[in-house]
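Me: I'm new to reading protein models. Could you walk me through a few features, one at a time?

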Amino acid sequence: MIHKAMKWLSEAIGILCGMMVGILLVINLAAVVMRYVFSNPLFWCEEVSLLLFAWFVALALIPLTYQRRGIALDFFVDLLLPTPKKILRIVVDVLGSVLLVIVAYFGVQLMQRSLYRFTPILRIPYRYIYLSMVVAMAVSAVIHMLYAIEDTLSLVGRKQEV
């Protein structure tokens with residue numbers, strides 16, 4: 001059940017990220033055309049691009065985490081036996097989860113300190129930009145922890161069978 005929800009969330013965020021990249025491309029193409037063809041630049045384009053780019057980059061972490069496609073040392077890990085390999089995966093998931101929670105915590109601190117910081121033209125609060133980091137890190141931390149729990153249960157279950 002939880003894997004179905006995580007898979008759906010991962011796929012939905014992947015589609016959302018793709019849409020954000022498409023919007024970024026269209027907005028920037030429009031900005032170039034407006035500036036160089038019509039000599040009438042879109043001043044708001046940079047701020048919207050910043051917002052979309054921050055959210056796209058942060059949210060892209062969620063499908064990567066779900067697919068377990070983050071940084072890995074496959075060459076060394078593949079040499080391990082199945083049990084040590086699973087133990088290493090559990091340790092990496094727990095440490096990854098802890099570090100992501102710490103980064104999300106600092107992101108919340110950053111949001112609290114930037115209450116009065118806005119983009120110059122559209123007056124977009126910077127805390128909405130920083131929120132992308134908090135959301136992505138928190139969701140990725142939960143995914144890492146769920147994988148760690150699942151792997152631990154499968155490891156304990158396999159040892160009891162032997």
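Me: Which residues is serine 49 in contact with, leaving aside its neighbours within four places in sequence?

Reply: Contact means heavy atoms within 4.5 Å. By that rule, serine 49 touches Leu24, Ile27 and Asn28. Keep in mind that this is a predicted model, where local features need pLDDT of at least 70, side-chain atom pairs count only at pLDDT 80 or more, and totals for chains, interfaces and linings use all residues. Residues are numbered from 1 along each chain as its sequence is written, and side-chain values use heavy atoms, with hydrogens and water left out.

Me: Where does serine 49 sit, and is serine 49 buried or exposed?

Reply: Helices (H or I, at least four residues) and strands (E, at least two) are DSSP runs, numbered from the N terminus. Serine 49 belongs to helix α2, residues 45–59. Buried means under 20% relative accessible area, exposed over 50%, and partly exposed in between (1.4 Å probe, protein chains only). Serine 49 has 11%, so serine 49 is buried.

Me: How many disulfides are there?

Reply: A disulfide is a covalent bond between the sulfur atoms of two cysteines. The rule here asks for a pair of cysteine sulfur atoms within 2.5 Å, and the count is 0. For cysteine 17, the nearest cysteine sulfur is that of cysteine 45, 19 Å away.
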